[in-house]
Structure formats: structure tokens, C-alpha cells
Amino acid sequence: MSFDLYVASLRTSEDFRQTCSSTSKLMAPTVSPDFMDSDPSMSAAPKISFVSLGCPKALVDSERIITRLRAEGYALAKTHAGADLVIVNTCGFLDSAKAESLDAIGKGLAENGKVIVTGCMGAEPEQIREAYPAVAAITGPQAYESVLSAVHAVAPPAHNPFLDLVPEQGVKLTPRHYAYLKISEGCNNRCTFCIIPKLRGDLVSRPLAEVMREAEKLVRAGVKEILVISQDTSAYGVDLKYAPSLWNEREYRTRFLDLAAALSTLGVWIRMHYVYPYPHVDEVIPLMAEAHESGGRILPYLDIPFQHASPRVLKAMRRPAHQEKTLQRIGKWREICPDLAIRSTFIIGFPGETEEDFEELLGFLTEAKLERVGAFKYEPVRGATANDLGLEAIPPEVQQSRYDRFMRHQQPISAKLLQRRVGKRIRVIIDEPGPTVSRGRSEWDAPEIDGAVTVASKRPLRAGDIVPVKIERADAYDLHGIVV
């Protein structure tokens, strides 16, 4: 699993309201975003205030819950105080994430009084009950039916033919032009720093045809970029023994390569996240190279959570511990697809990490030349087996010093790699449009976690536009160019 898991993005009910108002095909153009409050015919609808914390996988869970609620006639409130009920979808991976979740629950109780808790932290309800015994209900991750039952008990639905209609693709919490596509739940890995299998169980893959039907709905709704996510994307289908699945009158196997091939036919950007460097990933790289050469859609981008480079630390983490093989694999990938960008995350200060281990990690960065890198200082997680390894904890001041050194080491590597784009024409998807200056992302940048491209243009651009941009300059993390 990736440590991007706890780079939490908070989504509020206002985000949901804007999503609903921007995607509903039945809404007249003159209706304001406040239509749910102002229309008397809808005033009887129970209102839900929703807070979503955690990773994109949790965000997809929130989207599914909101879609079900909207289908049953519930409205979404701007504030806790104006709602009949507050739902908090929690993140429970790290103590800091748990603290943020508990804080959100406390605010919901203080401002509203009726709170339902769901998500990863709900898998250990005793700590929530201990802190806030007044919560109305607690459910675990992916417990959609339980959440709906709890909502019905606290705020029964008011059926209304207008409110019962939702967009075909469901309610999305991302901007309209990109969306996350979750292909599986759970994880078969047993990394010592991680409790995801305890919270979400072992790997359960969705049949390929089911995934593709959801992807098609997203594309019909105007999505221009699909971000494929799971706990372990490259393990997709192993639990189903790569069973065949029929989609568009063609048989595909439920596996990583076949999924990439099927998604590539949809005509939108496809970005792969949380990919472990298993040998069969090699098969997807030529598809990325072919797509990039022809202007195709499987982006030359892999998000691979390496976590460390020292074999000794990786062994303690129960991660693949063959740095040389990893470097060889990266080199082979780049021979096949020279424009491939790799992003990764690393843990600094794992118990027992020596100065020699850390220097080995810095050496790996020098050799691997990863385009995008993030780092996190190790935090002990209650229930993780890393706590029982008997390894010496790294003092916070040493963790901070190594973190600072790590970032200083990587910055010139990233800056030098970005300089390769100067003078070239690249495709950019627009996230934040402006009259003459907009902000977007290249094929090598995922939303919220990677860099950006500042784009100058003679005409206004729209969110979701994919435009050719000539890059004029680069800094340590971002690019700057003009539409051509």
C-alpha cells in the first residue's frame, strides 16, 4: 500500500453540492448552486453534512455513499448546523490521521449533535466510543448498507421524484473532468507498518466487465482522466485467478494488462496508481510506449510505493528487498518507454534505520532518478506488527534531519529531469482555468500530489481541456509554458 494513503484531502458538503449541481442533466442553467435550500418543493428533504477524510480509495467510498443517499432523496447541507445529520468518513491508518478524524467527529457533535462515523477508523469502534460516546452509529470501511441503515434510523428519507434522480455515474467528489476508479478492495500484502488488511481485509478484485462499465459511465459524464486505484493495483485479479470477463463482446482476463488494454480504448487519459514492481508489470510498459508515441491514452506514468531502498529495512518492513533488481527493472522500462515518469513515496526513520541504511536510500535516489518523490517520517500505528519487531525507535530529531536531507537530495534530481521538458511541446489537462493564465497538469503529474503546469493562452480555457503547450521554463517542481 502507498503512504499517499494518509495525505488526507478533506471534502465538505459544499464540494458535493457543487458536484451535484454541475453534473445533473435535469437542472436548468439558471438554477443556482443553492437550489437545494431555495426550492420549496425540495425543502422537506433531510439534509446530510458529509466530511470525507483519507485517500482516494476512501473518497470513492464517500462517493458511493453519497450516490446512494441522493438516490433516496437526501439533500446535502453546506454546514453541520444546517443539517439533519453529519456523516464522517474517517481515516484510521496513522495516529495523526486518527486525531484528524476524531477532531472532525467532535466538530460534528458540537455543531450538530447527530453524527454517524464510517470508514477505516470505524473498524476499531471502541476508541471512537471512548472519545465520543454520543455518536449515533459507527460502521467500518465499505459498509455501505450499514451506513444507509444508520442514516434511515436517525433521519428517515423523504421520497421525492425530483431528489431521487442522480447522474448515471453517481455523485463524484472530484472535479468533473477527472475521477478515481477503484478496481479492488483490501490487500494480500503484510507490510509490518500497515494495518490495511486488518481494516479492509484481503484482496477482493472487481470483475473486469464491472470495472469497465463504471469507466464507461464516467467517460459519458465528461470525465477526461481516469485514475486507477487500489491497495495493490498490479495484484488485480489474482484472487479471481484472472478469470475471463466479457466486455463489448470481447473476452478479457481480469488482470492488470487486460484492464490497461481495455481502458485504453475509452479515449481518455488513464493513470495507474499504487503499482508494485512485480515482473508482469513489464508487459504494460510497451502499451504505454505505443500509446505515448501515437498520442494514445495509457499515460507513461507509474506510481510505485518503494518505501525504502536498504535491503535490511525493506526486510523489516516485509517489502521486496532486491534494490539491484528494482534498478534493473526501472532501466528496462525506460529503454522501452523513455518518457516514462515514476513517482514514489518513502518512509524516513523506520525503527532500526541506521545512518548506513539512510545513505543507501539516498544512493538509490541518485541511481533511480525518479521524477516525483514524496517522503514521510515514520509514525507507529497501533496494531501494526512493526511495533513488535524489537527494533530501536528513531528519535524525532533524527527523523526530521534525515527527512530534510532526503528532500534536499531529491530536489536537484527532480529539477534536472524537469529541465528536459523545456522547449518541447507536451499535452496538458487544465484544472484551474483563467482568462489568459491557467493551471494544469502534464501526462506525468497526478492531481494534488505531483507538480503543475502554468499555461498562458490567448483565449480562455476550460477545466478538462487537454491542450498542446510549449514549455518555456521549469523550476524545481513545476513547468511554465504557452498554448500552441
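Student: Is Phe 364 buried or exposed?

Tutor: Burial is read from relative accessible area: under 20% is buried, over 50% is exposed, and partly exposed is in between, using a 1.4 Å probe and protein chains only. Phe 364 has 2% relative accessibility, so it counts as buried. Keep in mind that this is a predicted model, where local features need pLDDT of at least 70, side-chain atom pairs count only at pLDDT 80 or more, and totals for chains, interfaces and linings use all residues. Residues are numbered from 1 along each chain as its sequence is written, and side-chain values use heavy atoms, with hydrogens and water left out.

Student: How many aromatic pairs does a search of the whole structure find?

Tutor: Rings of Phe, Tyr and Trp (its six-membered ring) pair if their centres lie within 6.5 Å; planes under 30 degrees apart are stacked, over 60 edge-to-face, and the rest tilted. Searching the whole structure gives eight such pairs. Take Tyr 178 and Tyr 180: the ring centres are 6.4 Å apart and the planes sit at 85 degrees, so this pair is edge-to-face. Tyr 178 and Tyr 180 are both buried.

Student: Which pair does Phe 364 form with Phe 306?

Tutor: Another edge-to-face one, with 5.6 Å centre to centre and 75 degrees between the planes. Phe 306 lies in the loop between β13 (298-303) and α11 (311-317), and Phe 364 in helix α13 (residues 355-368), so the pair ties together parts 58 residues apart in sequence. The helix and strand labels are DSSP runs numbered from the N terminus: helices are H or I with at least four residues, strands E with at least two. Phe 306 counts as buried at 8% relative accessibility. Ring pairs also link Phe 306, Phe 346, Phe 364 and Phe 406 into a cluster.

Student: On to helices. At what angle do α3 and α6 pack?

Tutor: In general, two packed helices are described by the angle between their axes and the distance between the axes. Axes are lines fitted to C-alpha atoms, for helices over the stretch in contact, and angles run from 0 to 180 degrees between N-to-C directions. Helix α3 (residues 56-71) packs on helix α6 (residues 144-154) at about 45 degrees, with axes 10 Å apart. That makes α3 oblique to α6; angles under 35 degrees count as roughly parallel, over 145 as roughly antiparallel, 65 to 115 as roughly perpendicular and the rest as oblique.

Student: Which residues in α3 and α6 meet?

Tutor: With contact meaning heavy atoms within 4.5 Å, Asp 61, Arg 64, Ile 65, Arg 68 and Leu 69 in α3 meet Tyr 144, Glu 145, Val 147, Leu 148 and Val 151 in α6. By class, that contact has six nonpolar, no polar and four charged residues. Here Ala, Val, Leu, Ile, Met, Phe, Trp, Tyr, Cys and Pro are nonpolar, Asp, Glu, Lys and Arg charged, and the others, Gly among them, polar.

Student: How do the axes of α8 and α9 cross?

Tutor: The axes of helix α8 (residues 208-220) and helix α9 (residues 256-263) come within 11 Å and cross at roughly 30 degrees. That makes α8 roughly parallel to α9. Leu 208, Val 211, Met 212 and Ala 215 of α8 make the contact with Asp 258, Leu 259, Ala 262 and Leu 263 of α9. Its classes are seven nonpolar, no polar and one charged.

Student: Where is Leu 218 found?

Tutor: In helix α8, and Leu 218 is buried at 0% relative accessible area.
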